[in-house]
Amino acid sequence: PGMRLHQVLVNAIEREGGRVYDGMQVESARLYGNHIDSISSAAAARLKNHRAKEYILATGGILGGGFLAEYSGEIREAVFNLPIQSPGTRLEWFERQFLSPLGHPVFHSGIRANPELQPVDEDGKVIFENLRLAGSALDGFEAIRERSLEGVALVTGYTAGRR
Amino acid sequence: MISLSEHSSPEFSLDQCIKCNICTTGCPVSAVTDLFPGPKYEGPQAARFREPAQPSPDRSVDYCSGCRVCNMICPTGVKIAEMNARARAVLVEQGKFPHVLRLRNNLVARAELLGKIAHPIAPLANAIIRWRPARWLAEATLGIGQNAPFPPFAFQSFTHWYHKHPSQLQSDRKVVYFHGCSTQYYEPRIGKAAVRLLEACGFEVIVPPQNCCGLPLLSNGEFKAARRYHQSNVNHLVEYARRGIPIVGTSTSCTLTLKEEAPELLEMHDEATELVAQDTYDINEYILGLLDEGTLHLNFKPVPLALGYHIPCQYRAHRLGKPGSELLGLIPGLKIIESQAACCGIAGTYGYKKEKYDIAMQVGKPLFEFVTGTHSPLIVCDSETCRWQITHGTGVPTIHPVELLAAALGLEVDEPLDGVLEQLPSGASDKVNCVGV
């Protein structure tokens, strides 16, 4: 069923004239103030630029690989270095009990966003006006404990797309 | 996803494997045969058991075709294809291949050598290739598939034409053309189209001494020989890289080898190798880059054809998206129907081997069906062995995108495209329409 869904989505995108590429990991971006000019993905022997008016970050947080964790416990967002709300050190990542009803703090990690799904800083100011966030990259929910992973992904993905 | 240091060996990435099996769902070889258990098994899983000093636990890794689809779809960036290739090289080094097979592999893997020997006697060589008893004997003694699609040798090699061709342009804007063995000995028309195209855009095309990129040797685990070949190319090409003169190629596999496969598999990370890698471009990639920059303007005339286009698995491995489709999409009137097939099956020297020929044909079956379904007079494909496999599996002639680009600029093109174009209702002028800024 996962593969069927994937194919349905890819076909829909391609029917509308979009292109879906496998294996091209986005590594960096060119920025002008709070505007993203282009992003760069890893290609053989170089980076490949992609320019667009609007961008959606759906890199999946910790589980998806969009967040990278250092040995210190610091978690950073892999492409734009967006600020992530996360527990401080690795000691604070987990509860003692494996199946703790409180869940584990580290899985709550995410980037704060406004109702438009744009990333915001601690004052609520928009960090990049042409970027939206979807799915597990977002702060404010805990997918494993809530069983909300795909639900959040669907709703926020749809919303980000509509905006 | 863990970001590893640029130069750690590919085997380190095995820890990133989350056993999701997405690689196995995409592998075209394990889909058609049980002789290959799949990328996850062969790559990250088996790698844990491959100790350097001990014999390898399995030989099925030789059935990996090196198409790299697994790499493309792995969500955590495990370098499966590289691991398999290196494991095969260890098997070769440990003497696990019977002598006959190793001889056979070396024969089919040395395209340049074969070319050098056969080219002077091309008519005779071509007759022998087509003579069924000779092919039967080759299969019985050496294991070279008797039905495998060996193309005919050209009578005039590419470099011979290049050194004599009339319009050698001198210009400040220079490019180096890396022709590769297939253009040199089998399809010089593609090199001609590329040179005409680049010269029409105002570039002086330099064809320096160069040799086989060594990919067939890499694919057969002959790393020592491959290293010599690559080092030789680096020595020939690095001065152009240092001078900022781009190295452009029409063979997707050759350019990928120069960019990435040779440095990765052989762990060659010295400055000269890296310079050459960073300076190497696929021709579609290069021209698109110039168009994006605005340093080149092209006025294509219409080419009213509907043609099937197969993107080779090794072209996707460049991770540039679909530069061929993008560039061909600029030609007015040209309808490109992209194949969804992951791999044509030939996988370089793979499909030429008796024990793998059937697997290769089965892997290619969906592609052959697609081709027949398009009713296309020609199929477009960037890789030489794919072209030969597609023609072998369907009877449809094949061309490289650069030939269409040349035609769309009114430049001279050869068969088979020439014949197809002649049958079109006559149209626009034959003027060259290419402006360099």
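Predicted model: local features only at pLDDT ≥ 70, side-chain atom pairs only at ≥ 80, totals over all residues.
In chain B, the mean positions of the 40 positive and 44 negative charges sit 5 Å apart. Residues are numbered from 1 along each chain as its sequence is written, chains are lettered from A in the order in which they are written, and side-chain values use heavy atoms, leaving out hydrogens and water.

As for overall build, chain B holds 22 helices and 10 strands, these being DSSP runs numbered from the N terminus (H or I over at least four residues for helices, E over at least two for strands). The C-alpha trace spans about 65 × 50 × 40 Å along the principal axes of chain B. A compact globule of 437 residues would have a radius of gyration near 22 Å, so the 21 Å of chain B agrees with that; the radius is taken over C-alpha atoms, and the globule rule is 2.2 Å times the number of residues to the power 0.38. Of the 437 residues in chain B, 60% are buried, which means under 20% relative accessible area, with exposed set at over 50% and partly exposed in between (1.4 Å probe, protein chains only). The accessible surface of chain B amounts to about 17700 Å², and carbon and sulfur atoms own 57% of it; such areas come from the Shrake-Rupley method with a 1.4 Å probe, and for residues only the protein chains shown count as cover. Take the contacts in chain B (heavy atoms within 4.5 Å) between residues at least 6 apart in sequence: 75% of them join residues at least 24 apart.

Next comes the meeting of the two chains. Chain A brings 16 residues to the contact and chain B brings 22. Together they bury about 1500 Å², with carbon and sulfur atoms giving 52%; buried area is the accessible area (1.4 Å probe) that two parts lose on being put together, summed over both. On the chain A side, A:Arg19, A:Ala44 and A:Arg46 supply 34% of the area that chain A buries against chain B, more than any other three residues.

Within chain A, A:Ser40 belongs to strand S2 (residues 35-43). A:Ser40 counts as buried because its relative accessibility is 6%. Setting aside residues up to four places away in sequence, A:Ser40 touches A:Gln25, A:Val26, A:Glu27, A:Ser28, A:Leu47, A:Lys48 and A:Asn49. A:Arg145, on the other hand, is 105 residues along the chain from A:Ser40, with 34 Å between the C-alpha atoms.

Back in chain B, helix H20 (residues 384-394) has B:Glu384, B:Thr385, B:Cys386, B:Arg387, B:Trp388, B:Gln389 and B:Ile390 as its buried residues. These pack against helices H10 (180-185), H11 (188-200) and H19 (354-374), along with strands S6 (306-310), S8 (379-381) and S9 (398-399) of chain B. Just after H20(B) comes B:Gly395, with a positive phi of about 80°.

The loop between helix H2 (39-47) and helix H3 (69-73) of chain B includes B:Ser60. B:Ser60 has a relative accessible area of 16%, so it is buried, and beyond four places in sequence it touches B:Leu35, B:Phe36, B:Pro37, B:Tyr41 and B:Glu42. B:Arg48 is in the loop between H2 and H3 as well, but at 38% relative accessible area B:Arg48 is partly exposed. Leaving aside neighbours within four places, B:Arg48 is in contact with B:Leu14, B:Asp15 and B:Lys19. B:Leu14 is 34 residues from B:Arg48 along the chain, yet their C-alpha atoms are separated by 8.1 Å.

Some backbone details are worth a look too. Most residues other than glycine have a negative phi, and most peptide bonds are trans. B:Arg68, in the loop between H2 and H3, has a positive phi near 70° and is buried at 5% relative accessibility. B:Ala347, in the loop between strand S7 (335-338) and H19, has a positive phi near 45° and is buried at 17%. The peptide bond from B:Glu415 to B:Pro416 is cis, with omega near 0°; B:Pro416 lies in the loop between helix H21 (401-408) and helix H22 (417-422).

Note on methods: Lys, Arg positive; Asp, Glu negative; His and termini not counted. Charge placed at Lys NZ, Arg CZ, Asp CG, Glu CD.
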